[in-house]
Amino acid sequence: MTAARTALVTGGAGGIGAAIAQHLAADGYRVLVADVDLERAQQVADSVRHCGGQAWSHHLDVTNGQSRRSAVDFTVSELGGLDVLVNCAGVLRDARIRVLEPERFTALQRINLVGPLALTRLAIEPMTVAGRGAIINIASRAWLGTFGSTAYSASKGGLVGATRSLALELGPRGITVNCVAPGFINTEMTAAMPERILQRIRAAIPVGRGGTPADVAETVRYLAGAGYTTGQVLVVCGGRSIGVPMAGVV
Ligand SMILES: NC(=O)c1ccc[n+]([C@@H]2O[C@H](COP(=O)([O-])OP(=O)(O)OC[C@H]3O[C@@H](n4cnc5c(N)ncnc54)[C@H](O)[C@@H]3O)[C@@H](O)[C@H]2O)c1
């Protein structure tokens, strides 16, 4: 009998992370829902179990080395290994460059970029021992450029570059590294945006709707099992990265 596969999902208490945990658990993965918000992580794990999946919760602050080590060790010892790492924890605390203090810029990079790379480092050993592994970084379509979003775009662009380099370095170990770059997805992160901005974003999405966390989770589910696909960026944005729909055409 083959052992069940295991997945560590950071930011698992958030909108997209929770959907990823649900989808991977539905595929038979034993999932660790890890988040700085432990109470909500527990609720997500409860809801996965309620749907028949196997899930655990764990406190994780991706900016803290001990906390990262604890989450990876817990996954290996309690869930039985580490096959899939989904770096989903992230924040959108951005501003136009003239008012963006360097401290704020640095704090955002520590969560969105340094945290995922440091976790990747820790994942290499258990994945190498198993001779397989999949690392999936949740970037953003913003890496292509978004007005007023310099720090966030930089962090996500950094993830894209790192993903491509890591794919080359870790491929020989049987580890794939890919990025999912969501466009506008309806979660608490985007609900905090001003309504006038939300209206303009929605109007610019060719498929005519904002994305759902499940739209992103479907792509993560695919990449978790796609052993010959590595170093890629899958943009999940309803066509917005191609261009805006033309008014009055339909
Ligand atoms: N919602 C969107 O439109 C959208 C678009 C593109 C990319 N993304 C990316 O998707 C990911 C998930 O976003 P979401 O929309 O679900 O947001 P969300 O705010 O619902 O979830 C983010 C989660 O990350 C957790 N988190 C924050 N700081 C942390 C830390 N230091 N350590 C551990 N966990 C931490 C939060 O507690 C939260 O549960 C993020 O990386 C985000 O940048 C979101």
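Modeller: Happy to! Helices here are DSSP runs of H or I with at least four residues, strands are runs of E with at least two, and both are numbered from the N terminus. This is a predicted model, so local features need pLDDT of at least 70 and side-chain atom pairs pLDDT 80 or more, while totals for chains, interfaces and linings use all residues. Residues are numbered from 1 along each chain as its sequence is written.

The C-alpha trace spans about 60 × 40 × 40 Å along its principal axes.

Now for the pair itself: helix α1 covers residues 15–26 and helix α8 covers residues 213–225. Their axes, lines fitted to C-alpha atoms over the stretch in contact, lie 8 Å apart at an angle of about 50 degrees (on a scale from 0 to 180 between N-to-C directions). That makes α1 oblique to α8, since angles under 35 degrees are roughly parallel, over 145 roughly antiparallel and 65 to 115 roughly perpendicular, with the rest oblique.

Which residues of α1 meet α8? On the α1 side they include Ile16, Ala19, Ile20 and His23, and on the α8 side Ala217, Val220 and Arg221 are among them; contact means C-beta atoms within 7 Å. By class, the contact of α1 with α8 has eleven nonpolar, three polar and two charged residues (nonpolar: Ala, Val, Leu, Ile, Met, Phe, Trp, Tyr, Cys and Pro; charged: Asp, Glu, Lys and Arg; polar: the others, Gly among them).

Elsewhere in the chain, Asp73 belongs to helix α3 (residues 65–79). Asp73 counts as partly exposed because it has 14 C-beta neighbours inside 10 Å. Pro126 is 53 residues from Asp73 in sequence, with their C-alpha atoms 9.5 Å apart in space. Arg110 sits in helix α4 (residues 102–130) and, with 16 such neighbours, is also partly exposed. Setting aside residues up to four places away in sequence, Arg110 touches Thr63 and Gly115.

Methods: Contact = placed C-beta atoms within 7 Å. Buried ≥ 20, exposed ≤ 12 C-beta atoms within 10 Å, placed from the backbone.
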